[in-house]
Amino acid sequence: MNQHFISNEITVGNLPLGGNQPVRIQSMTNTPTQDTEATVNQIIRLAKAGCELVRIAAADVKEAENLKNIRNLLRQKGVDIPLIADIHFQPKTAEIAAGIVDKIRINPGNFTGSHHKNKKYSEEEYHQELRNTAANLKPLFNICEKNHTTIRIGINHGSLSDRILYRYGNTPEGMVSSALEFIQICRENDFHNLTLSLKASSVPVMIKANRLLVEKMKQHGWNYPIHLGVTEAGSGTEGRIKSIMGIGTLLSEGIGDTLRVSLTEAPEKEIPVARKIIRTYPRHFVFPGNTIQQIRYGEIENHLRPFVVWIKENETPDAEKKVCLLSYPDLQMDEILFRAPVDFFRTWEQEKPDGLLILHRKNNTEESDTTLAFQILQAAGLRFSQAEFIACPSCGRTQFDIEKELQRVQKRLGHLKGLKIAIMGCFVNGPGEMAGADYGYVGTGKGKVNLYKKNKIIFKYLSPDEALNKLEELILNPNSVPENEG
Ligand code: SF4
């Protein structure tokens with residue numbers, strides 16, 4: 001596909017990134033940014049685990065200013081890891097942070113200076129908004145130029161601007177167009193110290209958007225480095241499978257210069273997963289695909305047939321149905337976890353099989369792994385055998401224990417297949433980034449939760465216990481719950 005996309009090399013702080021440099025690993029702190037010591041300690045733990053760049057949320061001017069204290073304390077402790085500030089809504093915050101850290105991540109959807117939900121844009125209004133965005137960004141370019149600060153254009157599927165949504169909808173094409181428009185603004189300002197990211201909680205959307213971005217960049221003759229990640233992937237095996245499938249598939253095509261595995265767990269736990277993905281899919285490695293076989297159901301030995309997991313829930317097995325057979329006789333399960341999601345996704349795209357059979361060897365006997373097969377089909381968005389949880393990895397804006405809350409909600413509601421439930425750490429960005437969830441369980445202030453049905457807020461300021469009960473009630477018995485309580 002998009003092999004041999006070689007980006008240009010930049011340096012972030014003292015770290016070369018892009019070109020033929022190794023794929024760089026990054027993560028994000030989830031301590032309060034105002035808590036200098038806790039944030040510094042977490043950064044040190046991340047650096048020791050192998051993280052090469054660390055992102056810190058800067059929600060407002062105060063937090064942006066505190067980045068200086070974080071940086072100074074890190075230096076006192078002899079840690080000179082490149083720092084990235086994560087900016088959401090305030091251009092002023094971006095300008096302060098850009099004078100302190102090595103890189104800032106901004107979402108261009110937040111620099112339009114206007115919000116017009118469901119507005120119909122005339123051609124002139126569309127272009128006027130782009131001109132406004134360019135004007136809002138000018139001071140930032142000057143600061144970044146002066147301080148050699150990199151900008152990441154960080155586009156998320158869940159938070160495209162109203163302008164882009166009007167013209168392209170919430171689509172990979174919209175994500176790419178947003179990136180291209182923003183690159184154009186940077187280029188008009190002769191600013192090229194850029195990286196790009198197009199993230200989504202849906203693995204196929206994230207893959208499609210990044211491939212399209214590379215295709216468009218090639219057409220323009222551009223080669224900015226690409227940051228990969230699947231947002232709100234959740235935790236545990238499910239979260240890992242989504243990240244492996246999304247990031248691994250793109251790396252195996254030569255796309256990606258830096259990555260973050262977003263897990264709703266301690267950020268340090270993201271690093272070994274990221275390292276292993278990079279080891280499994282070395283840069284510009286041409287994938288052999290020799291473990292994959294596409295066979296007919298009738299050719300599968302009788303004793304293995306019951307272990308085929310069909311993509312359609314009520315598929316009638318017949319001899320001619322196509323089955324993707326992933327066989328790993330020499331690999332341990334922890335290796336298979338890093339191979340099978342990508343092997344399947346690539347086969348699915350090319351062959352459109354009807355079912356999946358994963359085989360491995362245990363105690364010299366061939367065994368199948370149907371649990372992994374179900375999880376892979378769910379990550380690929382093909383068959384939902386349990387509730388789908390999307391959960392943000394949390395950051396300095398989170399004021400409740402999101403890892404614990406995710407586990408509680410999963411335990412209580414995980415059996416409700418077909419539902420998409422979002423667990424988000426803050427009400428500022430959470431609702432916008434719930435990416436089509438049916439229900440949202442969103443942190444709002446210390447230990448408080450707001451509940452959403454689609455994008456509509458139903459309950460406010462509940463304790464986590466109340467919220468879990470109300471959420472279950474809302475799902476199982478929607479008419480019993482008066483809406484807009486609280
Ligand atoms: S949604 Fe989660 S990761 Fe995103 S800003 Fe809020 S707390 Fe941070």
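Predicted model: local features only at pLDDT ≥ 70, side-chain atom pairs only at ≥ 80, totals over all residues.
Local features require pLDDT of at least 70 and side-chain atom pairs pLDDT 80 or more, while totals for chains, interfaces and linings use all residues. Residues are numbered from 1 along each chain as its sequence is written, and side-chain values use heavy atoms, without hydrogens and water.

The structure contains 3 cavities of 30 Å³ or more. A cavity is a set of points, on a 1 Å grid over the protein atoms alone, where a 1.4 Å probe fits but cannot get out, and its lining residues have an atom within 4 Å of a point. Points are joined across faces, edges and corners, and the volume is the space filled by probe spheres set on them.

The largest cavity has a volume of about 330 Å³. Its lining comprises 24 residues, with H88, E232, C392, P393 and E433 nearest the centre. Because domain 1 (10–228) and domain 3 (388–480) both contribute to this lining, the largest cavity lies between them; the domain bounds come from an automatic or database domain assignment.

Two helical residues may be considered next. R71 belongs to helix α2 (residues 61–76), and L140 to helix α4 (residues 123–147); helices are DSSP runs (H or I, at least four residues), numbered from the N terminus. R71 is buried, at 7% relative accessible area, and L140 is buried at 2%, where buried means under 20% (1.4 Å probe, protein chains only). Beyond neighbours within four places in sequence, R71 is in contact (heavy atoms within 4.5 Å) with residues including D80, I100 and D102. With the same exclusion of residues up to four places away, L140 touches A94, E95, A98, I104, I106 and I151.

Note on methods:
1 Å grid on protein atoms, 1.4 Å probe; cavity = no way out; pocket = protein on both sides within 12 Å on 5 of 7 lines; lining within 4 Å. Buried < 20%, exposed > 50% of the residue type's maximum accessible area, 1.4 Å probe, protein only.
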